[in-house]
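Open your viewer and get ready to click along. Each stop on this tour tells you what to select and what is there.

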Amino acid sequence: CIRDRDIDQIVALRQACMPHVVTTRELIEWQFFDHPAGSARVYVIRSREDIVSMYTAVQQNIRVGDTVRKGRMVQDVMTLPDYRSRGYLNQQGFRCWQDMTETGEIGYTFPNQHSEKSFRRTGWKELSRIPLRIFNVSQGIQKHSAHAYRMVEEFTSQATDIWRQCSFPIGVHRDAAYLNWRYSKPNCVYSRFLIDNDKGVLVLKLFSDGSKCVAHICELFVVDHHQSIVEDALLFSNEFARKQNAGSLTCWLPDQHNYTRVYDTFGFKSERLDRFVFVKPALPSDHMVTEYPWHFSQGDSDVY
């Protein structure tokens, strides 16, 4: 059971294990406890009163076909260096697997190379490599976007209606509540747009390390009978990136996705990463979970 005073220990654990990632109490509260689908399950191992290992399963709603079901995204799997090689990750992983199985929850995760073997051992199924695609921002594209892109501070039922008109076979349920939570991450700046007011959703993010600037397509989905807008949204994203002096435009787009041909024709190239997407069916009959292309975007993870 996570207590209020444990949050400070979780912050310290992440700072020790991932010093390259800025972690604050506000971030942990947003990530684990403010999700509209419900609070995360946080498994911890303590040495006396100190948290030395953690395994987190964030609550998500997953749309499978025409139904919305409960799921979990496993993330923040870590152990302090002095306590590694004791099987803590496996212990917590099997406990999480059992809990998800008992409650009938679908799972997905993007583990790093250090924890990947544990997920395979527990029973998670490899779905694909991380589907990163990169486009070199072009200064010479003569064609310009022709649709209306209205920047919004928050999403309303319009965004939910757009999502419901997208026939992706499976993916995180991107209703307005989810989108507003996801793009309120502390200390991050996102540019949120509605396309033609009720035809599509686009979210862009800029990343700069001082030497280079990259623009990310965090979200892009349009209603099915207006899929020609996808190319226009890529034109708009290229213009956005160019104005911000970004050298590249990146996205996540799995093979066999509805939009793959449009992105390929536009010039996006797949980047072969040695990181994988793993999924967990809730039931033996959940063939869609392991056999159909998920709608993943960079909004599903902060790997980037």
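## Before you start

This is a predicted model, in which local features need pLDDT of at least 70 and side-chain atom pairs count only at pLDDT 80 or more, while totals for chains, interfaces and linings use all residues. Residues are numbered from 1 along each chain as its sequence is written, and side-chain values use heavy atoms, with hydrogens and water left out.

## Stop 1: helix H5

Select residues 157-164, helix H5. Helices (H or I, at least four residues) and strands (E, at least two) are DSSP runs, numbered from the N terminus. On the face turned away from the buried side of H5, find the exposed residues Ser157 and Arg164. Here, buried means under 20% relative accessible area, exposed over 50%, and partly exposed in between (1.4 Å probe, protein chains only).

Now colour the buried residues of H5: Ala159, Thr160, Ile162 and Trp163. These residues lie on the same side of H5, because they cover an arc of only 160° around the axis; the arc is that of the directions from the helix axis to the C-beta atoms. Their cover includes strand S2 (50-64), helix H6 (176-182) and strand S10 (200-208).

## Stop 2: the sheet

Next, show the strands. Seven of them form an open sheet with mixed pairing, in the order S7-S9-S10-S11-S12-S6-S13. The edge strands, each pairing on one side only, are S7 (149-151) and S13 (269-270). Two strands pair if DSSP finds at least two bridges between them.

Zoom in on S11 and S12 (residues 248-252): they run parallel and are joined by three bridges.

H5, in turn, lies across S7, S9, S10 and S11, running at about 75° to S11. For these angles, axes are lines fitted to C-alpha atoms, for helices over the stretch in contact, and angles run from 0 to 180 degrees between N-to-C directions.

## Stop 3: the nonpolar cores

Select Ile217, Leu220 and Tyr263, the residues with the most contacts inside the largest nonpolar core, which has 66 residues. Such a core is a set of buried Ala, Val, Leu, Ile, Met, Phe, Trp, Tyr and Cys residues joined through side-chain atoms within 4.5 Å. Which helix gives the most to this core? H7 does, with eight residues.

## Stop 4: aromatic pairs

Show the rings, which make 24 aromatic pairs in this structure. Rings of Phe, Tyr and Trp (its six-membered ring) pair if their centres lie within 6.5 Å; planes under 30 degrees apart count as stacked, over 60 as edge-to-face and the rest as tilted.

Start with Trp30 and Trp181: the ring centres are 4.6 Å apart and the planes are at 10°, so this pair is stacked. Trp30 is in helix H2 and Trp181 in helix H6, 151 residues apart. Trp30 is buried, with a relative accessible area of 7%, and Trp181 counts as buried at 9%.

Then pick Tyr108 and Trp294, whose centres are 5.6 Å apart with planes at 50°, so the pair is tilted. Tyr108 is buried at 0% relative accessibility, and Trp294 is buried at 1%. Finish by selecting Tyr43, Tyr55, Trp97, Phe119 and Trp124, which ring pairs link into a cluster.

Notes: Contact means heavy atoms within 4.5 Å.
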